[in-house]
Amino acid sequence: ATGQILAGKDVDARVEPASITKVLTSYVIAAEMKAGKIKPTDPVMMSEHAWREGGAGTEGSYSGFEVNKTAPLVEMEKGMVVQSGNDAAIALAEHVAGSTHAFAALMNQYAQRIGLKNTHWVNPTGLSAPEHYSTAHDLALLGRALVHDYPVAYSYNKIKEFTVGPITQPNRNLLLWRD
């Protein structure tokens, strides 16, 4: 509740945030929704680009939404959060900002507002890229901000499995299965 650090080691060392990046992607989506720029019912297109860069043909995790079809924004976001869908993250970024590059600029703006000082984002997925980094300290601040500012978006993280078409995938957060 206070934000006080209780313990830490190398908390300001740069690390690749990987899929934790999607926490900020969720934060940006929730903030843009609150600002009235997008709605949970918006049809989000799974573009050819999103599918090729983050879909089934890649080594990363994907949501399974069909290419060149739409799904409601809230469903696409759940596919991103629960399934760690890189394709869904890219499709959402394109919907919100027009491109992943423009969305990354939004991510960096929100990161500054939250108070992340040693972080720089270049994509909404967390796929490795030069100059895409954060720190344990900044990621803790980000998690705290999502829980506090947008509890509905945060609640998607507790969904144990999510189905898109014929594909049901479990949440990749193994802690959910140990409770």
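**Exercise 1. Find which residues of helix 1 meet which residues of helix 5, and work out how the two helices are oriented.**

Step 1: list the contact. From helix 1 come Thr21, Leu24, Thr25, Tyr27, Val28, Ala31 and Glu32, and they meet Phe103, Leu106, Met107, Tyr110, Ala111 and Ile114 of helix 5. Keep in mind that you're working with a predicted model here.

Step 2: sort that list by class. The contact of helix 1 with helix 5 has 10 nonpolar residues, two polar ones and one charged one.

Step 3: look at the axes. Those of helix 1 and helix 5 come within 10 Å and cross at roughly 90°. Angles of 65 to 115 degrees count as roughly perpendicular, so helix 1 is roughly perpendicular to helix 5.

**Exercise 2. Work out how many aromatic pairs there are, and classify the geometry of each.**

Step 1: take Tyr27 and Tyr110. Their ring centres are 6.1 Å apart, with 70° between the planes. Planes over 60 degrees apart count as edge-to-face, so that's the label for Tyr27 and Tyr110. Tyr27 sits in helix 1 and Tyr110 in helix 5, so this pair ties together parts 83 residues apart in sequence.

Step 2: now Tyr27 and Tyr150. This pair is edge-to-face too, at 5.0 Å centre to centre and 80° between the planes. Here the link runs from Tyr27 in helix 1 to Tyr150 in the loop between helix 6 and helix 7, 123 residues apart.

Step 3: join things up. Tyr27, Tyr110 and Tyr150 make one aromatic cluster.

**Exercise 3. Decide whether Tyr27, Tyr110 and Tyr150 are buried or exposed.**

Step 1: pick the cut-off. Buried means under 20% relative accessible area.

Step 2: Tyr27 has 7%, so call it buried. Tyr110 has 8% and counts as buried as well. Tyr150, with 16%, is also buried.

**Exercise 4. Describe the largest nonpolar core: its number of residues, the residues with the most contacts inside it, and the elements that give two or more residues.**

Step 1: get the count. This core has 42 residues.

Step 2: Leu24, Tyr27, Met76 and Trp121 have the most contacts inside the core.

Step 3: Two or more residues come from each of helix 1, helix 3, helix 4, helix 5, helix 6 and strand 3 (161–164). Helix 4 (86–97) gives the largest share, seven residues.

Step 4: In soluble globular proteins, nonpolar side chains tend to be buried together.

Notes. Residues are numbered from 1 along each chain as its sequence is written. Side-chain values use heavy atoms; hydrogens and water are left out. A nonpolar core is a set of buried Ala, Val, Leu, Ile, Met, Phe, Trp, Tyr and Cys residues joined through side-chain atoms within 4.5 Å. Buried means under 20% relative accessible area, exposed over 50%, partly exposed in between (1.4 Å probe, protein chains only). Helices (H or I, at least four residues) and strands (E, at least two) are DSSP runs, numbered from the N terminus. Axes are lines fitted to C-alpha atoms, for helices over the stretch in contact, and angles run from 0 to 180 degrees between N-to-C directions. Angles under 35 degrees count as roughly parallel, over 145 as roughly antiparallel, 65 to 115 as roughly perpendicular and the rest as oblique. Contact means heavy atoms within 4.5 Å. Ala, Val, Leu, Ile, Met, Phe, Trp, Tyr, Cys and Pro count as nonpolar, Asp, Glu, Lys and Arg as charged, and the others, Gly among them, as polar. Rings of Phe, Tyr and Trp (its six-membered ring) pair if their centres lie within 6.5 Å; planes under 30 degrees apart count as stacked, over 60 as edge-to-face and the rest as tilted.
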